Amino acid sequence: MNHVDAWVWWLIAAVGLGIPLVLTAMPEFGMFAVGAVAGAITAALGGGIVLQVVVFVVVSVALVAVVRPIAARNRAQRPAHASGIDALKGRQAVVLERVDGDGGRIKLAGEVWSARAFDTGQAYEPGQQVDVVEIDGATAVVM
């Protein structure tokens, strides 16, 4: 195999490793693809097969060892964004129909919700502000 063939095979390997990266979103495949490109460059510059493989392995392992922990650290520092029902907990609502331990209605985030009082002995009258403690099914539990 001559040098031109070797670097072409390395590029084919890089593309082959790039496909699972796109399909699985596993960044390690991208790091191996970069290692394969480094192997292709080594081959194009006239490096032997042993040197090509060593460059591929060193670049791939270095990227996995350095980039992966940085990416994991950044992912861990990103604050969790509450969505759906979790985003409604802690919000304030306005009582539309008397809310007590048995039920009632509130306006929460622009929508009318069934509600019940967290403290079954407590009652809230229309117009009062209440805090949403939790969402139980389709019912807001308020206090």
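What follows is a tour of confidence, cores and a surface patch.

Start by colouring by pLDDT, since this is a predicted model. The chain averages 87, and 93% of the residues score at least 70.

Next, select Ile106, Leu108, Ala140 and Val142. These are the residues that touch the most other members of the largest nonpolar core, which has 15 residues. Want to see which elements build it? Show strand 1 (92–100), strand 2 (103–108), strand 3 (111–117), strand 4 (129–136) and strand 5 (139–142): each gives two or more residues to this core.

Zoom in on Leu108. Leaving out residues up to four places away in sequence, Leu108 touches Leu88, Arg91, Gln92, Ala93, Trp113, Val132, Ile135 and Ala140. There's also a second, separate core, made of eight residues; select Leu17, Ala33, Ala36 and Ala43, which are among them.

Now for the surface. Select Trp7, Val8, Trp9, Leu11, Ile12, Val37, Ile41 and Leu45, and you have a nonpolar patch of about 760 Å². Helix 1 (3–24) and helix 2 (27–44) each supply at least two of its residues, with helix 1 giving the most, five.

Last stop: Ile41, in helix 2. Is Ile41 buried, partly exposed or exposed? Its relative accessible area is 47%, so Ile41 counts as partly exposed, the class between under 20% and over 50%.

Terms used. Residues numbered from 1 in each chain as written. Predicted model: local features only at pLDDT ≥ 70, side-chain atom pairs only at ≥ 80, totals over all residues. Heavy atoms only, no water. Core = buried A, V, L, I, M, F, W, Y, C linked by side-chain atoms within 4.5 Å. Buried < 20%, exposed > 50% of the residue type's maximum accessible area, 1.4 Å probe, protein only. Helix = DSSP H or I, 4+ residues; strand = E, 2+ residues; numbered from the N terminus. Contact = heavy atoms within 4.5 Å. Patch = residues over 30% accessible without salt bridge, like charges linked within 9 Å, V, L, I, M, F, W, Y side chains within 5 Å. Areas by Shrake-Rupley, 256 points an atom, 1.4 Å probe, with all protein chains shown as cover. Salt bridge = Lys/Arg side-chain N within 4 Å of Asp/Glu carboxyl O. pLDDT = per-residue confidence, 0-100.
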